[in-house]
Amino acid sequence: FRIMAGKVKWVTDIEKSVLINNFEKRGWIQVAENEDWNFYWMSVQTIRNVFSVETGYRLSDDQIVNHFPNHYELTRKDLMVKNIKRYRKELEKEGSPLAEKDENGKYIYLDFVPVTFMLPADYNLFVEEFRKNPSSTWIMKPCGKAQGKGIFLINKLSQIKKWSRDSKTSSFVSQSSKEAYVISLYINNPLLIGGKKFDLRLYVLVSTYRPLRCYMYKLGFCRFCTVKYTPSTSELDNMFVHLTNVAIQKHGDDYNHIHGGKWTVSNLRLYLESTRGKEVTNKLFDEIHWIIVQSLKAVAPVMNNDKHCFECYGYDIIIDDKLKPWLIEVNASPSLTSSTANDRILKYNLINDTLNIAVPNGEIPDCKWNKSPPKEVLGNYEVLYDEEMAQSDGPDRDMRSRSGQSTGIKGNRARDSGKPVLTTWK
């Protein structure tokens, strides 16, 4: 058998059953099967074991796996923020116009992550920032958990007192065993639809980091809260108001099992075009695509770009009431289970299209191919960024895109000439 995709000649149904059970025990999930091929989706833990120095395992040319060895540089909440901060500083040192700041010292083009600190390491820096605006609300998240587990909101320093070793000095516990958290300024002015908060789950496939080549999946969705939003401090503990995770919302009294509290991205676009206008909507989605590309560029230098790897990320984006998008987190293992009929169709197509790009035409996998599949196999994916193409178009390509010369993933019509304009940072 092969770890991700491989040719298997089953001898008997019993042998097949035994092998599949063995795969599942190892954390591999079967996602597709035909006469000769069986595809398995690896868990994060299994990937860690495969690339472990201790195991000494080496993948052969026809073995393809669905995570990069150190994917956590983007998918751990603390490391994502750390890498984006480093990326911005490096661009500043280079004198890049992308790192330009306004009169208040805020990044003009790279301000897409809420103000965030790591705890316990940055506790004193957080306290200093908190005291500048004591009425602010902050959200605390454990770095290594998902599905909304361990998340809570605070608006007083006393609420994180249990992390403090000494309330008089407000010094922070620095034990290595202490679970790491990130604390971020809460987006307390989210865009509301029907009075409810929502976020976007978007899927992005990365086939290679050097050169960076990534694809945007067209069939993302919005996840809505079941309870109407209120910034009232009396509702800080009500996660049905603040967290959009389905794992939390499905336990609410008002959860609808038919639509699952979800909208398609295309429905969101139609709603925004009808209420805010097409031009503003196009600008919003262009900014979302910009955020995704810049976050991938931020981690590209530190990513172990193993030729056997690809990755399908789940991006979580929140839009505020000024139609500014914010990157909340990136998931290494976005849920592939379905909670509704539409969910099942979407995720079936997502897996199918992802495998068609990773292993074109269902042929024997070959990690040495150039990972640039023909357009007809992309399905619902579209090329979001191709570094080789961008480099051939000149070093100022990124900057031209931020000066409003074009918008959209494919490029929209120029406002004056009526001619199609390609997104300049693609």
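**A colleague's note on pockets, cores and cis bonds**

1. Let us start with an open space: the second largest pocket holds about 950 Å³. A pocket, on a 1 Å grid over the protein atoms alone, is an open set of points with protein on both sides within 12 Å along at least five of seven lines, whereas a cavity is a set of points where a 1.4 Å probe fits but cannot get out. Grid points are joined across faces, edges and corners, and the volume is the space filled by probe spheres set on those points. Please keep in mind that this is a predicted model, in which local features need pLDDT of at least 70 and side-chain atom pairs count only at pLDDT 80 or more, while totals for chains, interfaces and linings use all residues. Residues are numbered from 1 along each chain as its sequence is written, and side-chain values use heavy atoms, with hydrogens and water left out.

2. Who lines this pocket? Its lining has 30 residues, and K106, D111, P114, V115 and L185 lie nearest the centre. Lining residues are those with an atom within 4 Å of a point. The elements giving two or more residues to this lining are α4, β4 and α5 (123-132), and the largest share, five residues, comes from α4. Helices (H or I, at least four residues) and strands (E, at least two) are DSSP runs, numbered from the N terminus. Sorted by class, the lining has twelve nonpolar, seven polar and eleven charged residues. Here Ala, Val, Leu, Ile, Met, Phe, Trp, Tyr, Cys and Pro count as nonpolar, Asp, Glu, Lys and Arg as charged, and the others, Gly among them, as polar.

3. Now follow α4 itself. This helix covers residues 77-93, which makes 17 residues, and it reaches 25 Å from first C-alpha to last, close to the expected 24 Å. That expected span is 1.5 Å times one less than the number of residues. Its buried residues include L79, M80, V81, I84 and L91; buried means under 20% relative accessible area, exposed over 50%, and partly exposed in between (1.4 Å probe, protein chains only). Among the elements covering them are β5 (138-142), β9 (181-185) and α9 (278-299). Just after α4, G95 takes a positive phi of about 75°.

4. Which residues have the most contacts inside the largest nonpolar core? They are Y209, L296, Y313, Y315 and L327, in a core of 61 residues. Such a core is a set of buried Ala, Val, Leu, Ile, Met, Phe, Trp, Tyr and Cys residues joined through side-chain atoms within 4.5 Å. Helix α9 gives the most to this core, with ten residues. A second, separate core has 19 residues, including L205, F310, L346 and L378.

5. Leaving aside neighbours within four places in sequence, Y209 is in contact (heavy atoms within 4.5 Å) with residues including F68, L296, Y313 and E387. The C-alpha atoms of E387 and Y209 are 9.0 Å apart, although 178 residues separate them along the chain. E387 sits in helix α11 (residues 387-392) and is partly exposed, at 23% relative accessible area. Beyond four places in sequence, E387 also touches P211 and L212.

6. One joins R210 and P211, with omega of about 0°; P211 is in the loop between β11 (196-209) and β12 (212-217). Another joins L119 and P120, with omega of about 15°, and P120 is found in the loop between β4 and α5.

7. One more backbone detail: L323 has a positive phi of about 60° although it is not a glycine. L323 lies in the loop between β15 (311-319) and β16. Is L323 buried or exposed? L323 counts as buried, because its relative accessibility is 7%.

8. Finally, the whole protein. It has twelve helices and 17 strands, and buried residues make up 51% of its 426 residues.
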